[in-house]
Amino acid sequence: MKYWLFGMVATVSACASDNDHPSRSKQESASILVQAQTVGSTTHPYTSDYSGVIEAHQTTPLSFASPGTVLSVAVQEGQSVRKGQLLGKVDASTAENTYQLARQKEQQAQDAYNRLKPMHENGTLPDIKWVEAETGLAQTKTAVAMALKSVRDCNLYAPESGIIGRKQMMPGMNVLPGTPVLDLLDIKTVYARIPVPENEIALLRKGNIAHVTIKALDRTLSGTIREIGVAADPLSHTYPVKIQLPNPDQSIKPGMLSAVRLSLTSAQTGLLISNKALQSDAGDQEFVYVVVDQRARKRRVKTRALVGEGVLVSGDLKPGDQIVVAGQDKLSPGSPVKISQYQHGK
């Protein structure tokens, strides 16, 4: 009887053992094979490359102060000019006639003043008449000065030394006051203007050194960041940054293309992960999968900078976490995973 009972117990145990093994085997076979990387904390210096365009240090649009028809243009695009040099003229005949009329009225008022002055000194001229004579002479002198300025405004002079940029006037054209007809460029120093992504703009500081290669001249120069924009482009979400470059021989021209390399250092400690781990959901939110107890867990992150083939991120991660860097396209939150190859973080 005892042997019979022992045989029954052994049989049941064997059956139970046989049922357990297929279950574990099935769970293991359902696990998704992935590759993982250990997250490490770092403050990582790196270089970043940008494409830029050369701009003049200062661009001054020039216009005539008086309306008229252009008679002559004394300069060409790209020409060097000095301060006070004549650049162009408009028809001054009306202004000159107005000036001559004002001069004649001034002479008339001066003659009346000279005749009445002895009478005023002798006391034979009423004070009101003498005041009228003084006021009339002063008014005509003011009118002469205004007319003379109108004559001079028919000529356009260079306010500073520089290079003529765009020329937008030709003889025979009618121009209006305030309408730009010439651009005067200061290119003794120039700017390399680059667009910087919003996730990198906080890493830049005025005075940072940049290496700028001018492709057209096959030259590389060192410059410094002078201006950092505060308003982003609404389409590209980039900020304009200007790097000042010396240009003593004025060989660097506005509009030339440039390649800019900046050495950046993150001001805060971040987590450096492989760019293969980074994903975006339907809401354009960045995330990675973390392996926890052989299960895939979703963790939100935010890119702060690109570092070679890695990404400096912040978010719901900590040093030592194992993030999935291959095979994540088959995962969903809670999926069972098996690490087929282990990679240490950089």
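Colleague: How many helices and strands are in the protein chain?
Modeller: The chain has 3 helices and 21 strands; both are DSSP runs numbered from the N terminus, with at least four residues (H or I) for a helix and at least two (E) for a strand. This is a predicted model, where local features need pLDDT of at least 70, side-chain atom pairs count only at pLDDT 80 or more, and totals for chains, interfaces and linings use all residues. Residues are numbered from 1 along each chain as its sequence is written, and side-chain values use heavy atoms, leaving out hydrogens and water.

Colleague: Nice! Which strands form the open sheet?
Modeller: The order is β7-β6-β4-β9, with antiparallel pairing; two strands pair if DSSP finds at least two bridges between them.

Colleague: What about β4 and β6, over how many bridges do they pair?
Modeller: They pair over 3 bridges, and V73 sits opposite G88 in β6.

Colleague: New topic: which residues touch the most other members of the largest nonpolar core?
Modeller: Among them are I54, I194 and L245, in a core of 25 residues. Such a core is a set of buried (under 20% relative accessible area, 1.4 Å probe, protein chains only) Ala, Val, Leu, Ile, Met, Phe, Trp, Tyr and Cys residues joined through side-chain atoms within 4.5 Å.

Colleague: Which element gives the most to this core?
Modeller: That's β10, with 6 residues.

Terms used
Buried < 20%, exposed > 50% of the residue type's maximum accessible area, 1.4 Å probe, protein only.
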